[in-house]
Amino acid sequence: MPRVSQDHLDARRRQILDGSRVCFARYGYEGATVRRLEEATGLSRGAIFHHFRDKESLFLALAEDDAVRMADVVAEQGLVQVMRELLSGDSEHPADWLGTRLEVSRRLRTDPEFRGRWAERSEQLTTATRERLMRQRGAGNLRDDVDVDVLTAFLELVLEGLVSHLAMGLPGDDLGPVLDLVEETVRRHRPGTTR
């Protein structure tokens, strides 16, 4: 039997993640049946579950993939930029990312086992946000009268509020000034400048 190259395995895994992202966003975790996952990925259940132990492992891998992408944006440009990309549709899979994020939020509320498994993965975003804020503080760009952990929690709560807002089907095209205010809130203001 011929050996399959690592590049081929990686491409197949990416195909599964991309297809399942659409499926989970459209149907939710419960509605993303194996048949629907097969249709969305264009692969058989055997091919899908060769790469992932079960549906939950696939969903966690997808959510982790999104968390890594978000952490990369946070490290370079900050958590507010993640929110801006979500609103503008400039990210690679904005609507699908929102669907995945909503499913993560729902499962965190209803599934203690999932909550435990997800806790390990969600720390990446918090760590990236905290490190970015520390760098900004070191550069003199971040307000210094509020603890970095408090600012991190504030930004994460704003993100969750934005996700909830969009989940309710409310418009997001007028929220740019709100995100400007969020950004302004964490910046350091030098004497002689107006707020």
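**Entry 1: Arg 143**

I started with a side-chain pair: Arg 143 and Asp 145 are joined by a polar contact of 2.8 Å. I'm keeping in mind that this is a predicted model. Next I looked up where Arg 143 sits, and found it in the loop between helix 7 (112-138) and helix 8 (148-167). Then I listed what Arg 143 is in contact with, setting aside neighbours within four places in sequence: Arg 137, Leu 151, Thr 185, Val 186, Arg 187 and Arg 188.

**Entry 2: the annotated stretch**

I checked the UniProt record, an unreviewed entry, and it puts "domain: HTH tetR-type" at residues 10-70. How much of residues 10-70 is helix, and how much strand? I got 87% helix and 0% strand, with the end C-alpha atoms 21 Å apart.

**Entry 3: rings**

I searched the whole structure for aromatic pairs and got five. I took Phe 24 and Tyr 29 to begin with: their ring centres are 5.9 Å apart and their planes are at 5°, so I noted the pair as stacked. Phe 24 and Tyr 29 are both buried.

Phe 24 also pairs with Phe 59, with centres 5.0 Å apart and planes at 75°, so that one goes down as edge-to-face. This pair links distant parts of the chain, as Phe 24 is in helix 1 (residues 6-31) and Phe 59 in helix 4 (residues 55-77), 35 residues apart.

Are these two buried or exposed? Phe 24 has a relative accessible area of 1%, so it counts as buried. Phe 59 is buried too, at 0%. I then found that Phe 24, Tyr 29, Phe 59, Phe 114 and Trp 118 make up one aromatic cluster.

**Entry 4: charges over rings**

Which residue lies over the face of Tyr 29? I found Lys 55 there, at 4.4 Å from the ring centre. Tyr 27 has Arg 36 over its face, at 3.9 Å from the ring centre.

**Entry 5: cores**

I moved on to the largest nonpolar core, which has 27 residues. Leu 79, Met 83, Leu 86, Trp 97, Leu 155 and Leu 159 touch the most other members. Helix 4, helix 5 (79-88), helix 6 (94-110), helix 7, helix 8 and helix 9 (176-186) each supply at least two residues. Helix 8 gives the most, with seven.

Last, I noted a second, separate core of 21 residues, with Ala 47, Phe 59, Leu 60 and Val 104 among them.

Note on methods:
Residues numbered from 1 in each chain as written. Predicted model: local features only at pLDDT ≥ 70, side-chain atom pairs only at ≥ 80, totals over all residues. Heavy atoms only, no water. UniProt positions renumbered as here; feature names shortened; annotations may be inferred. Helix = DSSP H or I, 4+ residues; strand = E, 2+ residues; numbered from the N terminus. Phe/Tyr/Trp six-rings, centres within 6.5 Å; stacked < 30°, edge-to-face > 60°. Buried < 20%, exposed > 50% of the residue type's maximum accessible area, 1.4 Å probe, protein only. Lys NZ or Arg CZ within 6 Å of the ring centre and 35° of its normal. Polar contact = N/O pair within 3.5 Å; in protein donor to acceptor, adjacent residues only side chain to side chain. Contact = heavy atoms within 4.5 Å. Core = buried A, V, L, I, M, F, W, Y, C linked by side-chain atoms within 4.5 Å.
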